[in-house]
Amino acid sequence: MKKMSFMALIGCSVLLAGCASQDEVVFCPTISAPEEGARAFVRSDNVKQVFDVRLNGVNAICTRHNSGGTMVALSVGLKIKRSLAEGAENDVVAVPMMSAIVDANQTVISNQEFGYRVGFDKGSDSKFPVADIEQLVPAEARLVISLRPAY
């Protein structure tokens with residue numbers, strides 16, 4: 001019985017310590033996407049079919065960072081479609097994305113390229129995945145996200 005109580009005490013301590021160390025949630029910096037970067041056409045890996053990729057909403061949770069900036073945990077919704085008349089086989093599409101951090105003087109202070117891979121089953125024509133990224137945005141800066149044309 002004492003062993004069970006001790007284990008319960010340790011479990012509760014770990015749980016409470018995790019809650020106590022959570023970061024302070026703050027207002028997010030401006031997050032934008034240029035119109036030109038909201039849609040891209042990407043060739044698939046296997047069949048080389050063209051997929052229509054669009055940004056489909058953004059959700060962010062922001063916390064204060066000890067540097068004075070804001071840590072942005074961003075979920076970017078995607079809408080990916082293909083024409084089954086042009087091919088309906090199993091395939092994989094790598095969605096190229098990029099982000100930039102822009103300061104108050106409209107100068108790009110950093111940028112990052114990354115990708116998100118999505119598999120398509122035979123006969124599947126569309127998917128709505130969510131790409132998760134994290135970015136540290138300095139004070140007085142904004143975050144820009146975009147799809148990157150692949151060809």
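Which relative accessibility does R39 have, and does R39 count as buried, partly exposed or exposed? R39 counts as partly exposed, at 40% relative accessibility; buried means under 20% relative accessible area, exposed over 50%, and partly exposed in between, with a 1.4 Å probe and protein chains only.

The model is predicted, so that local features need pLDDT of at least 70 and side-chain atom pairs count only at pLDDT 80 or more, whereas totals for chains, interfaces and linings use all residues. Residues are numbered from 1 along each chain as its sequence is written, and side-chain values use heavy atoms, with hydrogens and water left out.

The secondary structure of the protein consists of 1 helix and 9 strands. Helices (H or I, at least four residues) and strands (E, at least two) are DSSP runs, numbered from the N terminus. Starting at the N terminus, the order of elements is α-β-β-β-β-β-β-β-β-β. Of the 151 residues, 31% count as buried. The accessible surface comes to about 9500 Å², and carbon and sulfur atoms hold 55% of this area; such areas come from the Shrake-Rupley method with a 1.4 Å probe, and for residues only the protein chains shown count as cover. Where contacts join residues at least 6 apart in sequence, 67% of them link residues at least 24 apart, a contact being heavy atoms within 4.5 Å.

Four of the strands can be followed as a sheet. The open sheet of 4 strands has the order β1-β9-β5-β6, and its pairing is mixed; two strands pair if DSSP finds at least two bridges between them. Because β1 (31–32) and β6 (108–120) stand at the edges with a single partner strand each, one side of each is left without a neighbour in the sheet. Strand β5 (residues 91–102) runs antiparallel to strand β9 (residues 142–147), and 6 bridges join the two. Within this pairing, S99 stands opposite I145 in β9.

Side-chain charges provide a further set of links. The whole structure contains 5 salt bridges, each defined as a side-chain nitrogen of Lys or Arg within 4 Å of a carboxyl oxygen of Asp or Glu. One of them joins E24 to R64, at 3.3 Å from N to O.

R39, the residue of the opening question, meets D52 in a salt bridge of 2.8 Å, N to O. The pair links distant parts of the chain, with D52 in strand β3 and R39 in strand β2 (residues 39–43), 13 residues apart. D52 is buried, with a relative accessible area of 14%. R39, D52 and R54 are linked in a network of salt bridges.

A further salt bridge is formed by D45 and R117, whose closest N and O atoms are 2.2 Å apart. Because D45 lies in the loop between β2 and β3 and R117 in strand β6, the pair ties together parts that are 72 residues apart in sequence. D45 counts as partly exposed at 26% relative accessibility, whereas R117 counts as exposed at 54%.

The loop between β5 and β6 contains N105. This residue is exposed, with a relative accessible area of 65%. N105 and E140 are 35 residues apart in sequence, and their C-alpha atoms are 9.6 Å apart in space.
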